[in-house]
Amino acid sequence: MRNTKILFLVEVAIFSALAYLLDFLAFKIWAQGGSVSLSMVPVFFIAFRWGIKGGVLSGLLYGALQLLTTTYIYSIPQAFMDYIVAFIVLGFAGLVSNRMKEALQAGDKSKMHTYVVIGALIGSSLRFIAHYIGGIVFFADFAPEGTPVALYSLLYNGSYMLPAFILSSIVLIFMISSSKRLLQTR
């Protein structure tokens, strides 16, 4: 039991750091933040492997690393929303963890692929919602004159979150399909 706890903590730390490092290889969409990268993949992977607890902890660590090194902090509430909440909720991809593992054990790759996409969609959608609300509340002044703030935030955040979700889903499907042992924790 103790070795499992240590393995959990080590994997969460390593994959959180990997998420942070992958963000450096991002395709930057906007000057004020927002990019397409593989950085969500390690957080989703931990969520699929260890469930919500692992995913949330990994997202928290990744968000904290982002927060420590970002230049896009305008206020404490904005930083909390964009870097803590937005990355913690990625861990809710773990909601499908057990079903994904069952499909994988049963050899049903089609169902497993569906759960990968559903999990990534849950995490990406929740992150998008956090950024969308943050965009409306904290970045209204950035909207071009005459553009509704809600539309601006939708387009701004959707322009990088949708491609990042699609890219993450594809990579995760290939990764998990390569070996069902990747999701085994015992």
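Let me start with Leu167, which touches Val36, Ser37 and Leu38 once residues up to four places away in sequence are left out; contact here means heavy atoms within 4.5 Å. This is a predicted model, in which local features need pLDDT of at least 70 and side-chain atom pairs count only at pLDDT 80 or more, while totals for chains, interfaces and linings use all residues. Residues are numbered from 1 along each chain as its sequence is written, and side-chain values use heavy atoms, with hydrogens and water left out.

Leu167 is found in helix 7. Helices are DSSP runs of H or I with at least four residues, strands are runs of E with at least two, and both are numbered from the N terminus. With a relative accessible area of 33%, Leu167 is partly exposed. On that scale, buried means under 20% relative accessible area, exposed means over 50%, and partly exposed is in between, using a 1.4 Å probe and protein chains only. The C-alpha atoms of Leu167 and Ala26 are separated by 12 Å, and these two residues are 141 apart along the chain.

Now helix 7 itself. Its 30 residues should span 44 Å at 1.5 Å a residue, and its end C-alpha atoms are 43 Å apart, which agrees. The expected span is 1.5 Å times one less than the number of residues. Helix 7 also bends by about 40 degrees at Gly158, the bend being the angle between axes fitted to the seven residues ending there and the seven starting there.

Next, the core. Which residues touch the most other members of the largest nonpolar core? They are Phe44, Phe48, Met100, Val116, Leu172 and Ile176, out of 35 residues. Such a core is a set of buried Ala, Val, Leu, Ile, Met, Phe, Trp, Tyr and Cys residues joined through side-chain atoms within 4.5 Å. Two or more residues each come from helix 1 (2–22), helix 2 (40–50), helix 4, helix 5 (97–105), helix 6 and helix 7. Helix 7 gives the largest share, nine residues. Val116 touches Phe48, Met100, Ser169, Leu172, Ile173 and Ile176, again not counting residues up to four places away in sequence.

On to the rings. There are 12 aromatic pairs. Rings of Phe, Tyr and Trp (its six-membered ring) pair if their centres lie within 6.5 Å; planes under 30 degrees apart count as stacked, over 60 as edge-to-face and the rest as tilted. Tyr74 and Phe139 form an edge-to-face pair, 5.2 Å centre to centre with 85 degrees between the planes. Tyr74 lies in the loop between helix 3 and helix 4, and Phe139 in the loop between helix 6 (109–138) and helix 7 (149–178), so the pair ties together parts that are 65 residues apart in sequence. Tyr74 counts as partly exposed at 46% relative accessibility, and Phe139 as buried at 15%.

The rings of Tyr156 and Tyr160 are also edge-to-face, because their centres are 6.3 Å apart and their planes are at 85 degrees. Both residues lie in helix 7, four residues apart, about one turn of the helix. Tyr156 is buried at 12% relative accessibility, and Tyr160 is buried at 5%. Elsewhere, ring pairs link Tyr62, Tyr83 and Phe87 into a cluster.

Last, Tyr72. That residue lies in the loop between helix 3 (52–69) and helix 4 (76–88), and counts as partly exposed at 27% relative accessibility.
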